[in-house]
Amino acid sequence: MTDLLPHRFLSVSRRCPARESIVSGSHRITYDALRGQVLRAAGTVGMEIRAGSRIAVVMENSPEYVAACYGTWIAGGVVVGLNPALKGPELIGL
């Protein structure tokens, strides 16, 4: 299935590497730079999970959040986005 979102991202990042993929305030990231972050995240996550494993992502909306999500998807995981306002005791048992 090449129509899945991670595959589309990789395809676009290869076709248009110099194009901006994320603009967050004055911070700008090209598709090439984001693809690098995504593939590093996928490699890290992929060493630790099996296909379908759930990965909790606890962070503010940011370019790093995007990289973590795409990296998890590419590695075969399922992203479970958690509210970063939750504190340690609130996260236990989730």
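Here is a tour that goes from the whole chain to single residues.

First, some ground rules. You're looking at a predicted model, where local features need pLDDT of at least 70, side-chain atom pairs count only at pLDDT 80 or more, and totals for chains, interfaces and linings use all residues. Residues are numbered from 1 along each chain as its sequence is written, and side-chain values use heavy atoms, with hydrogens and water left out.

**Stop 1: the whole chain**

Show the protein chain as a cartoon. You'll find four helices and four strands; these are DSSP runs numbered from the N terminus, with helices being H or I of at least four residues and strands being E of at least two. Follow the sequence and the pattern reads α-β-β-α-β-α-β-α. The C-alpha trace spans about 45 × 35 × 20 Å along its principal axes.

How much of the chain is buried? Of its 94 residues, 27% are. Buried means under 20% relative accessible area, exposed means over 50%, and partly exposed is in between (1.4 Å probe, protein chains only). As for contacts (heavy atoms within 4.5 Å), take those with a separation of 6 or more: 55% of them join residues 24 or more positions apart.

**Stop 2: helix 3**

Select residues 63-74, which form helix 3. From first C-alpha to last, this twelve-residue helix reaches 16 Å, close to the 16 Å expected at 1.5 Å a residue. That expected span is 1.5 Å times one less than the number of residues.

Now colour P63, A67, A68, C69, Y70, G71 and T72, which are buried in helix 3. What do the buried residues of helix 3 pack against? Their partners are helix 1 (5-15), strand 1 (20-24), strand 2 (27-30), helix 2 (31-46), strand 3 (54-58) and strand 4 (78-82). Then click on G76, which follows helix 3 and has a positive phi, near 100°.

**Stop 3: the cores**

In soluble globular proteins, nonpolar side chains tend to be buried together. To see a case here, show the side chains of F9, L10, I22, I29, Y31, L34, V38, A67 and Y70: these nine residues make up the largest nonpolar core. A nonpolar core is a set of buried Ala, Val, Leu, Ile, Met, Phe, Trp, Tyr and Cys residues joined through side-chain atoms within 4.5 Å. Helix 1, helix 2 and helix 3 are the elements that give two or more residues to this core, and helix 2 gives the most, with three. Apart from this core lies another, of seven residues, among them V45, I49, A68 and V79.

Go back to I22 for a moment. Leaving aside neighbours within four places in sequence, I22 is in contact with H27, R28, I29, L34, P63 and V66.

**Stop 4**

Not counting residues up to four places away in sequence, S13 touches Y31 and R35.

Next, pick C16 in the loop between helix 1 and strand 1. At 22% relative accessibility, C16 is partly exposed.

Finish at M59, in the loop between strand 3 and helix 3. M59 has a relative accessible area of 30%, so this residue is partly exposed. Beyond neighbours within four places in sequence, M59 is in contact with E64, Y65, L82 and P84. Although M59 and A85 are 26 residues apart along the chain, their C-alpha atoms are separated by 8.8 Å.
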